[in-house]
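Here is a short note to read with the structure open beside you. Take the points in order and find each element as it comes up.

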Amino acid sequence: MNIAIVGTGYVGLVSGTCFAEMGVHVTCVDVNEEKIKSLQEGKVPIYEPGLDEMVLRNQREGRLKFTTDLTDCLDDVEVVFSAVGTPPDEDGSADLQYVLAVARTFGQNIKKYTVLVTKSTVPVGTAAKVKATIQEELKRRGVDVPFDVASNPEFLKEGAAIKDFMSPDRVVVGVETEKAKELMTKLYRPFLLNNFRVIFTDIPSAEMIKYAANSMLATRISFMNDIANLCELVGADVNMVRKGIGSDSRIGSKFLYPGCGYGGSCFPKDVKALIKTAQKQGYDMQVLQAVEAVNEQQKSVLYRKLEAHFGGKENLRGKTIAMWGLAFKAETDDMREATSLVTIQLLLDAGCTVRVYDPVAMNECRRRLGDVVTYATDMYDAVLGADALLLLTEWKQFRLPSWGVVKAAMKEALVIDGRNIYDPQEMQENGFTYKSIGR
């Protein structure tokens, strides 16, 4: 089976590579000539465990190709996936210009029945706009070529995207016709051998499922951060509270870990977009507005703890602050909406010198911020002469550091743990002043 995927960002590249791994012949398309040239040379522009090897293997075996022009392969494919970006507009709504540009190219060039599947996260109603755009282009050409549109939202977790694609909880496909359903069933048949579910729905429901899923997960995180902040005020331990409520089968234990706020390419954007979608319908998403507000506040929680420890912002001037972790989560170099960006800015505004280290996100930080921070060579170099250490990302290599080395290198033995990965009693025994979230 031959398919094309437009967009070689996180979703497009992972999806295309995984389809190729299952025997599908995939052409990945992107207008960025430099990116396509790099991919043709086997250079993967994003960090995702296992992706480099999989890209190279499927290129070598002829199942994965890269091009800058969709028309190069359109005559040969049965399905085209649109996995282009949907960045938030200034008002928080999803920007659909790239999605509709793919629809226009599709409508201008198809010669036989083909399905255009939206893989990008898009607001409810987008498929109708895509369909109208294609019909407009066909009318302009004066032809009547049959086609279908479909929605197949992705549910990939950065850092575990290959596993999520190959062994997902579920695959959601929104279709309008039996013909489109049959074609999508054929495409996903190799995955059905692993006994996971393909859930077919109408298209608006498929579009809503993605936003609702991400918004629910974001809600759980913000709820637990709110509970954690209250635990500190009343003397409770949020870890005990988390275990207590997570043991209730109606609640479950996932996404109940408090921290210093969520970030990344999905949760912040999707929560904003769903709020905006509701506003356009005259409806107020009060819960999600609170979720967003709590998260924005939580991104400054480590700085507030630091400021409180030193007795005010004025006492932070001239301090050296070490930061472990820059990516919004472990196993990725993604810094979109990362708490580290907020924390760094607050520290710089207070007159601090900031020393940072992250196993994979250093180049991304340098690209975003330049040289306003000091880039350490490793986690121990980061704490040299530091008045405090802030832990922002729960990379595995940060979990069992040599505390004797850390303490000897620091000016003051203060650790503020934004992910609750250290044991308070152990930190005290090692001679540290230790602060965490909700404990």
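Predicted model: local features only at pLDDT ≥ 70, side-chain atom pairs only at ≥ 80, totals over all residues.

1. Strand β10 covers residues 353-357, and two bridges join β10 to β11. These two strands run parallel. In general, strands of a sheet pair through backbone hydrogen bonds, either parallel or antiparallel.

2. **The whole sheet.** Now step back. Six strands make an open sheet, and their order is β11-β10-β9-β12-β13-β14. The pairing is parallel. The edges are β11 (374-375) and β14 (433-435), and each of these pairs on one side only.

3. **Inside the sheet.** Look for Trp324, which stands opposite Tyr357 in β10. Is β10 enclosed or open? Four of its five residues are buried, so β10 is largely enclosed by the rest of the structure.

4. **Helices across the sheet.** Helix α12 (residues 301-310) lies across β9 (320-324), β12 (388-391), β13 (414-417) and β14. Its direction is at about 150° to β13. Helix α13 (residues 339-349) lies across β9, β10 and β12. Helix α13 runs at about 175° to β9.

5. **Two positive phi values in one loop.** Most residues other than glycine have a negative phi. Check the loop between β9 and α13, where Glu331 is found. Phi of Glu331 is near 65°, a positive value, and the residue is not a glycine. Glu331 counts as partly exposed because its relative accessibility is 24%. Glu337 is found in the loop between β9 and α13 as well. Its phi is positive too, at about 60°, although Glu337 is not a glycine. At 36% relative accessibility, Glu337 counts as partly exposed.

6. **A helix pair.** Turn to α10 (residues 267-280) and α11 (residues 286-298). They pack at an angle of about 150°, and their axes are 10 Å apart. Which residues make the contact? From α10 come Val271, Lys272, Leu274, Ile275 and Gln279; from α11 come Leu288, Gln289 and Glu292. By class, the contact has four nonpolar, two polar and two charged residues. The crossing of α10 past α11 is left-handed.

7. **Helix α1.** This helix spans residues 10-21, which makes 12 residues. From first C-alpha to last, α1 reaches 17 Å, close to the 16 Å expected at 1.5 Å a residue. How many of its residues are buried? The count is 11 of the 12, so α1 is largely enclosed by the rest of the structure. Among the buried residues are Tyr10, Leu13, Thr17 and Phe19. Just after α1, Gly23 takes a positive phi of about 100°.

8. **His25.** This residue sits in strand β2 (residues 25-29). Is His25 buried or partly exposed? At 38% relative accessibility, His25 counts as partly exposed. Leaving out residues up to four places away in sequence, His25 touches Met1, Asn2, Ile3, Gly62 and Arg63. For a sense of scale, pick Gly385, which is 360 residues from His25 along the chain. The C-alpha atoms of His25 and Gly385 are separated by 54 Å.

9. **Strand β6.** Strand β6 (residues 147-151) is mostly covered, with five of its five residues buried. Both faces are covered. Phe147, Val149 and Ser151 lie on one side, and Asp148 and Ala150 on the other. Strand β5 (residues 114-118) pairs with β6 in the parallel sense over five bridges. In that pairing, Val115 stands opposite Asp148.

10. **Asn239.** Finish in helix α9 (residues 238-246), where Asn239 lies. Asn239 is buried, because its relative accessible area is 18% and the cut-off for buried is under 20%. What does Asn239 touch, not counting residues up to four places away in sequence? The contacts are Asn420 and Arg439.

Definitions and conventions
Residues numbered from 1 in each chain as written. Heavy atoms only, no water. Expected span 1.5 Å × (residues − 1). Buried < 20%, exposed > 50% of the residue type's maximum accessible area, 1.4 Å probe, protein only. Pairing = 2+ DSSP bridges. Contact = heavy atoms within 4.5 Å. Axes fitted to C-alpha atoms, helices over the stretch in contact; angles between N-to-C directions. Left-handed = near helix turned anticlockwise from the far one by under 90°. Nonpolar A, V, L, I, M, F, W, Y, C, P; charged D, E, K, R; others polar.
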